[in-house]
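Please find below a short note on the structure, prepared for your review. It is set out as numbered points.

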Amino acid sequence: MKLSPLSVPYRVIERGAGLVFTAVVISSGASAALGPIGGVVGAALVGLAILLLVGYEVTYYRRFEYELGDETLDIRSGVVSRRNREIPIRRIQNVDISRNIVQRLVGIAAVDFETAGGSETEASLRFVDFEVAKRLQQDIGRLKRGDAAAGETSDQASAPDRESEALFALSGRELLLVGALSFDFRIPGLLFVLLSGSLPALSSMLATQIGVLAAGVVAVALVIVLVSWLGGALVSVLNYYDFRLARVGDELQYERGLLRRYDGSIPLDKVQTLTVTDDPLKRLFGYASLRIETAGYTPGSGESGSEAAVPLASRERVFDLASRIESFGTPAFDRPPKRVRRRYALRYCLGLGVVVALLYGVDLLVARSLPWYGPVALVLLVPVAAHFKWRHRGYWLGEHHLVTRNGVLRREIKIVPYYRIQTVIDSRTFFQRRWGVATVTADTAGSLSIVGSDAAAVDIDDATADDLRATLATRLRESLAARRGWIEPGANAGAGDGSVAATDDSTDTDARSLRSRDGDGAGDEDPEG
């Protein structure tokens, strides 16, 4: 099969704009230096560059071929040197389709194939007809399930996929909230670079106009925050416009985007972890987000990724959707021991001490009138911060899932099926050992594991950590055996190997009301914000 013929003029225009601009600049310089002869030479260079580009793109189109077989996706490409690739169908995790406004007008699309074991795109088709892209997406999903052969006709291939279950659609109000709660952290760095030329002038005021300098710093900070918020809001609205999520067979399929439309798939059998995230503002108004992580590829890690299965919705809708993907029940979290609150308070006090010492040093060396003692007042908030840090941590062992919770400013509730656990890691720092606590991490094959974002029971008691590690190892073996049909799932859950007792999954899969228990064993209700 070939790329769309329209890909040739589109790629010429897409790549030629910068090349023509460079050639025009060179020809202008030659004309200024050599007169009319230079102008002729420059025009010839521009024409030659355009001819070379057109010739390259035509050759690229003629030499690019792909074929979807029953076992592999074969791609043959290359202008100067030939490259043949065979991608096993079973290794393809995601097929993502993207189209900008121009591509939608002419009816073409870019297709990216993501595979397990890598965070980069394995192969791309630039560009094919949109109908062909959708058929490729459906055929690959069908071949992975073993439901059909690649040689079916379009009508035969599409019939099973017309039966889809709509799971989620972002309302207009929720889209506005996504924008209102977004912040682009790249903008402050960009503005810092742009304003760096004014730093010498600001520093010259330091000795004579401390008040003016302080007012200027505050004004600049407010401008940066405002611009960052507006930029983040605009990007989020453009990215998540008309966001829809549906279940088609054994896949989740999503669509989103205004200026650039994304259409992708997330195979359910490759899901490693579900993560529900929120922050104090979202918790105040009862909202949360849901992220789906697959093996070796996180939606959003590439240009065409989904970034989040649900960017923002009410907690009830988010947990209902998570339960429909993974029926994990109603978690009742075990918190760390209450004594770790003193550990958190001590850490915060040490951090404040470092800040005060640095400000005092700056006051001695430069300012002479800096209120270095100001942060000391924050010590009154240390007990509150330590309590909330403790309160928002915990773990829960369900019948089929491990659920963990960590974070205050950015809280993450991670849901991991036992059979997805790759390694159980018991880590104890020098300071944790002094407090008699440990961290137990359930490492999965997801790409976020690279940055240490696995499900973890943090600062739990030493004895509890030993039992939890043994229990996770036992339930991993049992869940794998159950999936292979050796034993009944959950037959020996919580038994043997010194495992800790755990509350079984409730038959009610609505996880709207999360309850918590103290790490010391005393139960209490947690209103979750």
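Predicted model: local features only at pLDDT ≥ 70, side-chain atom pairs only at ≥ 80, totals over all residues.

1. An open sheet is built from 3 strands in the order S1-S2-S3, paired antiparallel. Strand S1 (65-68) and strand S3 (83-88) each have a single partner strand and stand at the edges, so one side of each is left without a neighbour in the sheet. From one strand to the next, the twist averages 10°.

2. Strand S2 (residues 72-77) runs antiparallel to S3, and 6 bridges join the two. Opposite asparagine 84 in S3 stands arginine 76.

3. The structure holds 8 aromatic pairs. One of them is formed by tyrosine 60 and phenylalanine 64: this pair is tilted, with 5.5 Å centre to centre and 40° between the planes. Tyrosine 60 counts as buried because its relative accessibility is 16%, under the 20% cut-off; phenylalanine 64, at 1%, also counts as buried. Ring pairs link Tyr60 and Phe64 with Tyr56 into a cluster.

4. The ring centres of phenylalanine 168 and phenylalanine 243 are 6.1 Å apart and the planes lie at 65°, so this pair is edge-to-face. Since phenylalanine 168 belongs to strand S7 (residues 165-169) and phenylalanine 243 to the loop between helix H9 (210-240) and strand S8 (244-248), the pair ties together parts that are 75 residues apart in sequence. Phenylalanine 168 is buried at 5% relative accessibility, and phenylalanine 243 is buried at 1%.

Notes. Residues numbered from 1 in each chain as written. Heavy atoms only, no water. Pairing = 2+ DSSP bridges. Helix = DSSP H or I, 4+ residues; strand = E, 2+ residues; numbered from the N terminus. Axes fitted to C-alpha atoms, helices over the stretch in contact; angles between N-to-C directions. Phe/Tyr/Trp six-rings, centres within 6.5 Å; stacked < 30°, edge-to-face > 60°. Buried < 20%, exposed > 50% of the residue type's maximum accessible area, 1.4 Å probe, protein only.
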